[in-house]
Amino acid sequence: MFNRSRCTLIRFVVPMVLLGWVRTGHAQSFSVDAYRDFLAANPEVSETDLLRLYPADGFQRTVPAASPSYDDARFRDSMQVHFALTSGEQNLLNRHGFMVSERLRRNSFGEALKDIYHADLPVFVSSDAILHAIHRSYDDILKDTERGMFYDVQRLLLGLHQQLPTASARYADRPEMGPSLRDVDVYLSVARKLLGDAVTPVFPENASLINELMADIAAEQPLSVTLFAQSSARIVDFSQFTVRGHYAGEPMLERYFQTLIWLGRTDLWLTAPKGVIPEPVESDLRRQTADALLLIELTEASSGGLGTLDQIDHTLQGFVGESDNVTLPNLRGLRDELGLTAASDVLDPATYQRFAARLGEQSYALQRINSQILYSDDLSPEPVVPPSAFLLLGQRFIVDSFVLSQVVYSKIVYRGQKVYRMMPSPLDAMAALGNNAALQLLQPELQRYPYGRNLAALRYLIDGYEPEF
């Protein structure tokens, strides 16, 4: 069920997941044909082409000679008394019109503004100070919400786990369902243990595996594992469990964070990814599809399970964005459409093929942001396509994260060769979202890694959405 081996990561697709507030919207006048025409007309886009397509005023290294200097500034004497600017700091002000001093740092915008106000000096409220206040308010609201969601997630997982013995009895005459029943036991046991619950697995033979997984999570290192499969190995990035951000330092939120990482990163593959090595075998895909359908059955059987899951998902969608994976309602609808009556149905190869073919026709089957570590075939010019995957509470689509995932290996293909740009730049998101000046600062990156076509395509896509998006 689960084999482990330490691995050295050489070349792999780097998942970039950032928190953000943007939710997906609808294109106002987007044409697929026009987009294809744009790509066909621009097989290569250089850094100079981008500057021509999206011009902006140039940056100046110094202030114009006619500009007022610090030496002539009003209230200069009062500022010197209060801040005691050094000659070097004064020279920077005269040359650039502004200056950043580590020596004069404050703990917050509020502290700095209060200090300036009490010194009876001119106060300048910058846009970043306002945005910081908005972000801190958002962060505090989110933390309060997540403290409440902790108990919703706890109740949901307990309800699902309590239904597993009944499901096991129902499938007693289907021994081929044994692996899926044990998979779901491991899946739910680890999630509940991360929340801090005292957990006894339904299948005692799972105890050692659950303990191994908890140890791997604590080690926070990528591992090559055979998870929920007989032979198809994958790399699980356990470093994602490192508690960070506003979750750190508060035990309840730390447990909540790691549980959501488990539920949002431990995906069940419904179809195979493309352009990766090695490719998973179909029997393992059938097994994981049965795992996903079994989770649906447990949710339906659990008292209030569907409602609780919908409430959690609705809250996450409001704060972050819509799901970027196959969700329980998606899979439930597809199951009913195909007339599947039990999770065991998809273990039949012909039924699975019918399921996979119909899934491939659905818009929700496409994972737009890669969040797995996937090995790519260097000799193939085709970029990696992540698997269609089911997650109980999966990752969210955020446009800046999508941008960053499209300007790294293996998405950059230049003259038939994949380009090894392993880390994006925040400037990529700024440029794609409409900041033309960011392109000037990206010139060295665009020259070193010719990904101008990727950035131009992203800009074209995002420009097709209404301003509210």
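Contact here means heavy atoms within 4.5 Å. The model shown in these views is predicted.

**View 1. The largest nonpolar core has 76 residues.** Those with the most contacts inside this core are Trp-262, Leu-263, Leu-331, Phe-355, Phe-390 and Leu-392. Helix H8 (residues 178–195) gives the largest share of the core, nine residues. Another core, of 25 residues, lies apart from the largest one. Its members include Phe-38, Val-407, Val-419 and Leu-446. In soluble globular proteins, nonpolar side chains tend to be buried together.

**View 2. Surroundings of Phe-390.** Neighbours within four places in sequence are set aside here.

**View 3. The buried face of helix H13 (residues 328–338).** Leu-328, Asn-330, Leu-331, Leu-334, Arg-335 and Leu-338 are buried in H13. Seen down the helix axis, these buried residues fall within an arc of 160°, so they line one face of H13. Their cover includes helix H11 (282–301), helix H12 (305–319), helix H14 (349–359) and strand E5 (389–390). Just after H13, Gly-339 has a positive phi of about 75°.

**View 4. The buried face of helix H14.** Thr-351, Tyr-352, Phe-355, Ala-356 and Leu-359 are the buried residues to look for in H14. Down the axis of H14, they fall within an arc of 135°, so they line one face of the helix. H11 and H13 are among the elements that cover them. An α-helix has 3.6 residues a turn, so residues three or four places apart point the same way.

**View 5. Packing of H13 against H14.** The two helices pack at an angle of about 125°, with their axes 11 Å apart. H13 and H14 are therefore oblique to each other. H13 passes H14 in a right-handed crossing. On the H13 side, the contact is made by Leu-331, Leu-334, Glu-337 and Leu-338. On the H14 side, Arg-354, Phe-355, Arg-358 and Leu-359 make the contact.

**View 6. Val-403 in helix H15 (residues 399–405).** Val-403 has a relative accessible area of 0%, so this residue is buried. Pro-426 is 23 residues from Val-403 along the chain. The C-alpha atoms of Val-403 and Pro-426 are separated by 9.6 Å.

Definitions and conventions. Residues numbered from 1 in each chain as written. Predicted model: local features only at pLDDT ≥ 70, side-chain atom pairs only at ≥ 80, totals over all residues. Heavy atoms only, no water. Core = buried A, V, L, I, M, F, W, Y, C linked by side-chain atoms within 4.5 Å. Buried < 20%, exposed > 50% of the residue type's maximum accessible area, 1.4 Å probe, protein only. Helix = DSSP H or I, 4+ residues; strand = E, 2+ residues; numbered from the N terminus. Arc of directions from axis to C-beta. Axes fitted to C-alpha atoms, helices over the stretch in contact; angles between N-to-C directions. Parallel < 35°, antiparallel > 145°, perpendicular 65-115°, else oblique. Left-handed = near helix turned anticlockwise from the far one by under 90°.
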